Amino acid sequence: MTLWSLVLILVWLVTFVAGQLFFKRAMELSSVAGFRNRKIISILSAGIFPMTISFFLNLGLLQRFDLSYLYPFQGLSVIIISLMAAVTLKEKLTLQLTIGALLISAGVMLVSLS
Amino acid sequence: MRDRPSGFANPWFQLGLNVMCVLAYELLLKAGAKATADLSKSWSWTGITGLASPLIWFAMVLIILDLMIWLYVLKYIPLSIAFPLSRVVDVLVPISCWLILREGISPLRWCGIALAIIGLAIVAKPAARLEERL
């Protein structure tokens with residue numbers, strides 16, 4: 001793997017995680033304020049933008065690498081998103097949830113490495 | 001988590017639907033990306049050349065549908081529970097390849113699948129408790 005691929009994979013991960021966090025924030029607000037709210041629309045758009053980047057990067061990476069090679073990185077996203085949801089969205093991250101997320105991450109990585 | 005609707009609109013059911021969509025579009029994307037891998041060397045890293053494949057367009061329709069389902073799920077279920085549970089798809093892909101395509105699964109891979117299933121069960125427990133509180 002070249003340094004360039006590693007950078008692409010990292011950007012893919014970061015944009016994916018950021019998109020998910022924006023989506024969750026927007027949907028949280030929508031249950032209080034309804035959908036027509038301008039703030040919600042801008043947060044949703046802020047989520048769609050990095051998601052689109054991550055979508056095309058994912059395609060580009062899939063053209064170069066096997067799905068099984070890219071999957072471990074996708075596996076990492078489970079634990080990263082759980083942690084980031086706790087930090088940025090103040091979701092309650094119990095020990096049980098953390099262990100569960102870690103096991104899923106490890107399991108997915110093992111599935112793709114073998 | 002707010003009061004959740006029942007039946008088809010139940011967010012847990014929708015989460016299941018989301019997983020099915022992801023399963024379908026992941027396979028479509030891989031097939032489409034493979035078919036267009038050699039189109040243009042200089043642009044292939046952006047993934048944009050994938051648009052030449054109809055499979056990618058079909059996958060994109062599924063992705064948009066899936067996005068709407070996912071946003072609906074997020075309205076009711078915390079991200080730190082919904083996202084790990086949605087990764088059940090990572091277990092379903094190799095298992096469906098094994099069942100349908102008769103692909104072999106190495107012992108190490110079975111270990112990974114088992115590990116992920118245990119993790120899913122652990123995450124599902126707080127999810128069940130969340131449900132009870134309603």
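Helices, of at least four residues, and strands, of at least two, are taken here as DSSP runs numbered from the N terminus. On this basis, chain A of the predicted model contains four helices and zero strands. Along the principal axes, the C-alpha atoms of chain A occupy a box of roughly 45 × 35 × 20 Å.

The contact between the two chains involves 47 residues from chain A and 50 residues from chain B. The area buried between chain B and chain A amounts to about 4200 Å², and carbon and sulfur atoms contribute 70% of this area. Between chain B and chain A, six residue pairs are in polar contact, with both residues of each pair at pLDDT 80 or more, whereas the number of salt bridges between these chains is zero. On the side of chain B that touches chain A, at least two residues are supplied by each of α1 (11-35), α2 (54-76), α3 (79-86), α4 (89-100) and α5 (107-132) of chain B. Helix α5(B) provides the largest share of this side, with 15 residues. Classified by residue type, the side of chain B that touches chain A comprises 31 nonpolar, ten polar and nine charged residues.

The largest share of the lining, seven residues, is drawn from α2(A). By class, 17 residues of the pocket lining are nonpolar, eight are polar and three are charged.

Salt bridges were also examined over the whole structure. Side chains of opposite charge can pair when their charged atoms come close. Over all chains, the structure holds two salt bridges. One of the salt bridges joins A:Arg25 to A:Glu28, with the closest N and O atoms 2.9 Å apart; this distance falls within the 4 Å cut-off applied to a side-chain nitrogen of Lys or Arg and a carboxyl oxygen of Asp or Glu. Because A:Arg25 and A:Glu28 are three residues apart in helix α1 of chain A, about one helical turn separates them.

Notes: Residues numbered from 1 in each chain as written. Chains lettered and ligands numbered in written order. Heavy atoms only, no water. Contact = heavy atoms within 4.5 Å. Buried area = accessible area lost by both parts, 1.4 Å probe. Polar contact = N/O pair within 3.5 Å; in protein donor to acceptor, adjacent residues only side chain to side chain. Nonpolar A, V, L, I, M, F, W, Y, C, P; charged D, E, K, R; others polar.
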